[in-house]
2 protein chains.
Amino acid sequence: MHRFPLVILLLIICAVKCRMAKAEQSPGSGNVYTLASVREDLIRQEDTIIYGLIERAKFPSNSHTYDAKYAQIPGFCGSLVEFVVKNTEDIQAKAGRYKNPEENPFFPENLPPSSVPSYPFPQFLHPGAASININKSIWKMYLHELLPLLATSGDDGNYAQTAASDLSLLQAVSKRIHYGKFVAEVKFRDAPEDYEPLIRAKDREGLMKLLTFTSVEEAVRMRVEKKATVFGQEVSLDSNEDNEKRKFDPSVASRLYKNWVIPLTKEVQVEYLLRRLG
Amino acid sequence: MHRFPLVILLLIICAVKCRMAKAEQSPGSGNVYTLASVREDLIRQEDTIIYGLIERAKFPSNSHTYDAKYAQIPGFCGSLVEFVVKNTEDIQAKAGRYKNPEENPFFPENLPPSSVPSYPFPQFLHPGAASININKSIWKMYLHELLPLLATSGDDGNYAQTAASDLSLLQAVSKRIHYGKFVAEVKFRDAPEDYEPLIRAKDREGLMKLLTFTSVEEAVRMRVEKKATVFGQEVSLDSNEDNEKRKFDPSVASRLYKNWVIPLTKEVQVEYLLRRLG
């Protein structure tokens, strides 16, 4: 009679220890999201976005990549960029990408399940977060607003490489914008009394006002432009190097942030908060 | 009787004009490879490799990504990184990536054909170039030599994202090394009289000596380290920023060039030259 509860107790201790050991192994994904860790992550994501902008700007516009009439791929109806993004997402889904709540697919319809053992990603968000995916808006913005600013006109035939660099940049921008879910959660936990009345009143405008810090947004925009200038410069051993030679126009990076990344992140935050008490 | 040849003549003129127009549209891929254009391209490829190194260094080692026993993906035998690279290459092959002679797949076996209309990439290389693919060596170097230098130990569960960043970096390094085919061709065209006797004698050592410029190699290594320092720094709006904070160790970039990229590029050049008169 006495041994049975002891076995259960040992099993519980073992399970907890095992979970702790696994959690300790995951420094990058962050066990705990805090205001400081979220801020640090957002700053690091700026670099990834800027490298992505520079790498996409390496190719000309390559309009065939986006023309549904050009690609006649058997069994697929759509443009080359849709073909590459949809199919690469399927592969990455099987490899477990979308088990991490920080990731959101562009083609969530018929996405195959993960085929790898599950990893204990921290479950930090309210379950309502899973229903927020604004990638359709990001896709449209990317193709119709950002690309015309970023890519010079021309055609070098490297459509697959262009689509692959589109995918990397789209994923980086999407991750940054949907990170609004984590931003909103840390802000909510920090001062629930400020948010709860507005959430109950479904006051989108009030929430948007509470989430807006114009001076912070301006600082982000300026930092992004500075990073784009530093990372986009031509570096040579010659100390008299021509600093005017650039791989892309740094103002495109700050415009991306000002016009789309910052407003869309706030849109995600509002959507998240409206689900927060559900 | 007279009209038939005229129609043929007009068709020929039209075909030539059409080809010229297409060729004029392709500034990025380069209509003509010259010593200057090849050098410029090699310098730009350094930036892509450094962004790739920084992006891979964002993740810890994530050893499950490389463990054939971890991934139990139905219908696939191998590690997660093999799964992601092989399947993404298949998608990009269908989208036409490997029609460009600058690209070489890691898994050329059973690669699906391109499903897109063919593009007139300049046929600059001797046909023997197609049989040179040293990606098996690059793959081994990457996994066993470079990754241990680049990634800190740890596991954050982002195996799919890790494999995707491995693929981008592997493709950039592979493109740079196989660009040796173009380097060798421009050098050969510049001074065939220097190369022909050594090629006929199958004198690998002599060819290697002719291709080696120690001071140029040292300058490349130094420029790459400088770029890695500039692109890998943490940029903030604060003018008193801590320049010691870095996203990765810049000496890893110069070691990559010194130990592997430069020697393997020369290996590709020698292999190419040995086929050049065939």
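This is a predicted model: local features need pLDDT of at least 70, side-chain atom pairs count only at pLDDT 80 or more; totals for chains, interfaces and linings use all residues.
**Exercise 1. Work out which parts of chain B the salt bridge between B:Lys227 and B:Glu46 ties together.**

Solution. The closest N and O atoms of B:Lys227 and B:Glu46 are 2.9 Å apart. B:Lys227 belongs to helix H9 (residues 214-231) of chain B and B:Glu46 to helix H2 of chain B, so the pair ties together parts that are 181 residues apart in sequence. As for accessibility, B:Lys227 is buried at 1%, and B:Glu46 counts as buried at 2%.

**Exercise 2. Determine how chain A and chain B are related, and through which surface the copies meet.**

Solution. A rotation of 180 degrees, with 0.0 Å of shift along its axis, superposes chain A on chain B with an RMSD of 0.0 Å. That is the relation of a two-fold axis. In chain A, the C-alpha nearest this axis is that of A:Phe231, at 2.5 Å. For the surface, 100% of the interface residues of chain A are also interface residues in chain B, so the copies meet through the same surface. The contact involves 57 residues of chain A and 57 residues of chain B, and the two chains bury about 4,800 Å² between them, 64% of it on carbon and sulfur atoms.

**Exercise 3. Characterise the polar and charged pairing across the interface of chain A and chain B, and name the helices of chain A that contribute to its side.**

Solution. The interface holds four salt bridges and 22 residue pairs in polar contact. Helices H2 (35-57), H3 (80-94), H5 (159-178) and H9 (214-231) of chain A each supply at least two residues of the side that touches chain B, and the largest share, eight residues, comes from H3(A). By residue class, that side divides into 24 nonpolar, 18 polar and 15 charged. As a specific case, A:Arg44 forms a salt bridge with B:Glu55, the closest N and O atoms being 2.8 Å apart. A:Arg44 lies in helix H2 of chain A and B:Glu55 in helix H2 of chain B, so the pair joins two chains. A:Arg44 counts as buried at 18% relative accessibility, and B:Glu55 is buried at 14%.

Conventions: Residues are numbered from 1 along each chain as its sequence is written. Chains are lettered from A and ligands numbered from 1 in the order in which they are written. Side-chain values use heavy atoms; hydrogens and water are left out. Copies are superposed by least squares on the C-alpha atoms of residues with pLDDT of at least 70 in both. Contact means heavy atoms within 4.5 Å. Buried area is the accessible area (1.4 Å probe) that two parts lose on being put together, summed over both. A salt bridge is a side-chain nitrogen of Lys or Arg within 4 Å of a carboxyl oxygen of Asp or Glu. A polar contact is a pair of N or O atoms within 3.5 Å; within protein, one must be able to donate a hydrogen and the other to accept it, and residues adjacent in sequence count only if both atoms are side-chain atoms. Helices (H or I, at least four residues) and strands (E, at least two) are DSSP runs, numbered from the N terminus. Ala, Val, Leu, Ile, Met, Phe, Trp, Tyr, Cys and Pro count as nonpolar, Asp, Glu, Lys and Arg as charged, and the others, Gly among them, as polar. Buried means under 20% relative accessible area, exposed over 50%, partly exposed in between (1.4 Å probe, protein chains only).
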